[in-house]
Amino acid sequence: MAHSNGPDDGPQRVPGSGPDPRTALFRLIVGHFVNPEALTAAGTGTPLIVGLRELSVADPEWTAGLIGWLRSQDRMRTVSLMAAAEYVRARIDAARDQGPSNRAVVGSVLRRADDPAALIAYWMERYGRSIPKPVKRGVADAVARLWNGRALLEYDHATSGYRFGDILSLVHAVPDPAKPWQPALFRYAVDRRHRPDTAEPPPADRALTAHRALLDLPVAERRAAVLAPGGAARLAADGIGAEEVTRLLQGTVDASVWEVLIPLMEPLALVEQLGTFDRVGIAEEAAGRIAERIADPAEVARAGALPLRYLAAHQQTSSLRWSEALERALGHALALVPRLPGRTLVLVDRSASMWSLLGEGRRLTKADAASVFGIAVAMRAERADLVQFGSSSAVVRFRPGDSVLAVLERFVSMGGTHAAEALRERYRGHDRVLVVTDEPAGREPCDTWWPGVPGPDTADPGGSGPSGRRAAPVYSWHLARRPPGARSPGPHCFEGLTDDAFRMVPLLERAERGEWPWN
């Protein structure tokens with residue numbers, strides 16, 4: 001959705017009043033890339049909902065661009081569905097029809113076969129059972145575009161909140177004329193919902209008929225069918241994925257079955273199952289094929305996973321047969337980390353408390369996650385100083401081409417948390433500062449480290465920094481929960497650390513210049 005960035009385009013900022021509404025909303029959303037759950041729990045009156053509704057009326061083209069772009073961000077799916085619903089509701093309430101149509105904006109976020117049900121569920125919970133025509137039509141368009149036999153197998157289950165048959169009954173989707181098989185599929189989806197005992201899959205749908213043939217077998221015989229000669233090729237041709245096979249086998253998935261399923265799996269799915277492969281004892285030949293795919297630079301680039309994903313897997317496994325492949329994949333993933341221009345100071349907290357685990361059931365410590373994040377940012381930046389801190393601080397040396405895990409070994413435990421002192425000691429006119437710490441956000445020194453409230457519009461107060469320079473923005477990621485009653489963190493203080501953190505600084509800095517990623 002094209003949008004001009006001219007000086008008179010959309011809501012304007014009053015000098016001295018802070019960021020314009022677009023920048024404020026964009027900051028809010030990008031600031032939650034590492035914990036989108038905090039946004040999806042939002043209700044009426046929160047900054048997200050208020051900002052979306054106001055801009056949907058005041059600047060619908062910009063807001064439509066934002067919403068469509070959000071759906072392309074992996075962990076922002078639910079936020080984008082919420083945003084599309086609020087866009088429609090706000091424009092209906094304001095009786096506005098200028099700009100991108102409500103139907104088109106709804107369609108822009110429905111990109112996976114279960115998205116229509118998720119959007120309907122949000123609307124019903126928030127606004128009740130009366131669904132406006134633009135929502136119904138946008139959902140109906142997506143149903144015709146997205147649904148096929150494989151989608152039905154993957155997303156339409158008895159445990160689903162809204163079944164495919166429910167959505168068809170609500171929106172009365174018309175089959176795509178270019179898909180002559182779709183009317184029978186829609187009838188089957190309704191039958192599965194309301195008459196499951198007698199529902200028969202369309203004979204022309206290979207995935208559904210092959211699935212029914214397996215389902216009709218006793219569980220013990222299903223395993224034999226999967227293991228029969230040519231099993232993997234047959235399953236692939238039938239469009240039945242590894243996840244569906246494991247459901248059909250109901251817990252009887254041993255090494256022999258996994259070795260059949262491995263060719264059907266994406267590399268990141270293989271990474272997630274490494275512990276399972278070790279537990280069931282897959283053959284070394286199969287393990288070798290897995291390692292080759294995980295470490296293939298083309299597969300790493302296609303998957304789009306960044307270093308922390310591979311680090312977590314590396315730390316989680318105790319098997320030497322995966323460690324080299326994961327280290328190589330981590331190195332290839334480094335090329336996907338955005339490059340920061342100018343000079344960057346990266347401060348990594350290595351205080352004693354950072355040796356706690358980053359999450360339950362994981363072996364990855366906060367210290368190692370923070371360090372690898374800092375290493376990756378520094379190695380990809382145009383110029384960077386990488387510093388570890390605790391009671392004191394020390395520069396961590398690295399050279400182009402160094403292994404990320406080799407640089408990680410140069411970090412040590414450094415006692416207490418003295419972030420502000422490290423910042424004052426190590427700042428030398430850098431263009432930006434990145435800090436990763438387990439000091440909770442919303443408490444000093446978040447947003448007040450140096451020199452005053454950070455941001456490109458903040459003047460240097462003249463106490464410590466170079467004369468005449470604007471304040472360098474300080475971006476901080478906080479790995480401890482905010483204590484009850486603590487103030488909300490500022491726009492550059494983020495709670496959590498995931499691979500999404502790598503994209504945040506470039507997005508925020510471009511937004512300060514009025515450059516939006518969907519243009």
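Guide: Helices α4 and α6 run roughly parallel to each other, a term for angles under 35 degrees, with over 145 counted as roughly antiparallel, 65 to 115 as roughly perpendicular and the rest as oblique. The model is predicted, so local features need pLDDT of at least 70 and side-chain atom pairs pLDDT 80 or more, while totals for chains, interfaces and linings use all residues. Residues are numbered from 1 along each chain as its sequence is written, and side-chain values use heavy atoms, without hydrogens and water.

Two packed helices are described by the angle between their axes and the distance between the axes. For α4 (residues 60-71) and α6 (residues 102-109), the axes come within 8 Å and cross at roughly 20 degrees. These axes are lines fitted to C-alpha atoms over the stretch in contact, and angles run from 0 to 180 degrees between N-to-C directions. Helices are DSSP runs of H or I with at least four residues, numbered from the N terminus. The crossing of α4 and α6 is right-handed, that is, the near helix is turned clockwise from the far one by less than a right angle.

On the α4 side, A64, I67, G68 and R71 meet V105, S108 and V109 of α6, where contact means heavy atoms within 4.5 Å. By class, this contact has four nonpolar, two polar and one charged residues; Ala, Val, Leu, Ile, Met, Phe, Trp, Tyr, Cys and Pro count as nonpolar, Asp, Glu, Lys and Arg as charged, and the others, Gly among them, as polar.

Key. Helix = DSSP H or I, 4+ residues; strand = E, 2+ residues; numbered from the N terminus.
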